[in-house]
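Try each task before reading its solution.

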Amino acid sequence: MAANEPGQPAPVMPAGTATPATSDLDTPTSALAIGAHPDDVEFGCGGLLAKWAADGCIVHHLVCTDGSKGTWDPDADGVALAARRQDEQRVAARRLAGDRSGEVRFLGRVDGELESDLATRGEVARVIRELRPQVVLGHDPWKRYRLHPDHRHAGLLACDGIVAARDPHFFKDHGIAHHRPDALLLWEADQPDHAEDVTAFVDVKLWALAAHVSQFESTMKAADDDQLAAFGQRVRNRLGDLGRPFDMDAAEVFKLIADL
Ligand SMILES: [Zn+2]
């Protein structure tokens, strides 16, 4: 499930926010995207990950929960759904990055019950230390009026996980070298200040989103082919709206934190 389902009307920039100051980072050697649920990464930064992968970046995924509540069917088997959604995430990751696909990790927390506690922070820090991404991407935990707790906690885990991963005295029990990424990009940003041109990668983003077949009915409001096409058009419109202030035909926008 995505907090910022692209069909929902939303201002291009929150009130009081200056026009983003930066755009189009240099392609990193590797990136790690941290999402609360299977599909969040594709919604949040799928176009950018596809763009970077096409330029040689290795793309890793970390999904914090099992997605076992991502259905409107009250009789659904949560265990089966969780397994299905892991498979869907692997397909989506492959569609985004092709032969530049890295690892797809799952923390396996129960959907809706993610906590940004010390133990979970340590697990995220361990993944960052093991995969050593140059850039980390995640949910903005400070987005105002965000309801879904998993999205808040996943955002905090990305931020706090970086701090723990970069400092050698945190989680010494990991027994592996600390690692400081160069940059953090937060999607669904409360105050976006960075845009990435994804004009050439909207189709790939949609193809990756389409891997999440279990989410067609609930998250994407797409119970048939016509509705799925309409979902795709809503995503295109949203990315077009985001790109317009930057003279981009389609953009994904972020809060960029480059002083880590
Ligand atoms: Zn979600």
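**Exercise 1.** What covers the buried residues of helix 4?

*Solution.* This is a predicted model, where local features need pLDDT of at least 70, side-chain atom pairs count only at pLDDT 80 or more, and totals for chains, interfaces and linings use all residues. Residues are numbered from 1 along each chain as its sequence is written, and side-chain values use heavy atoms, with hydrogens and water left out.

- Start with the terms. Helices (H or I, at least four residues) and strands (E, at least two) are DSSP runs, numbered from the N terminus. Buried means under 20% relative accessible area, exposed over 50%, partly exposed in between (1.4 Å probe, protein chains only).
- Pick out the buried residues of helix 4, among them Asp150, His151, Leu157 and Ile162.
- Now look at the cover. It includes helix 1 (40-54), helix 3 (118-131) and strand 3 (58-65).

**Exercise 2.** Which residue forms a salt bridge with Glu196?

*Solution.* 

- A salt bridge puts a side-chain nitrogen of Lys or Arg within 4 Å of a carboxyl oxygen of Asp or Glu.
- The partner is Lys51, with the closest N and O atoms 2.7 Å apart.
- This pair links distant parts of the chain: Glu196 lies in strand 7 (residues 194-197) and Lys51 in helix 1, 145 residues apart.
- Glu196 is buried, at 0% relative accessible area. Lys51 is buried too, at 16%.

**Exercise 3.** Is Arg244 buried or exposed?

*Solution.* 

- Find the salt bridge of Asp241 with Arg244, whose closest N and O atoms are 3.0 Å apart.
- Asp241 is partly exposed, at 31% relative accessible area.
- Arg244 has 55%, so Arg244 is exposed.

Terms used
Contact = heavy atoms within 4.5 Å.
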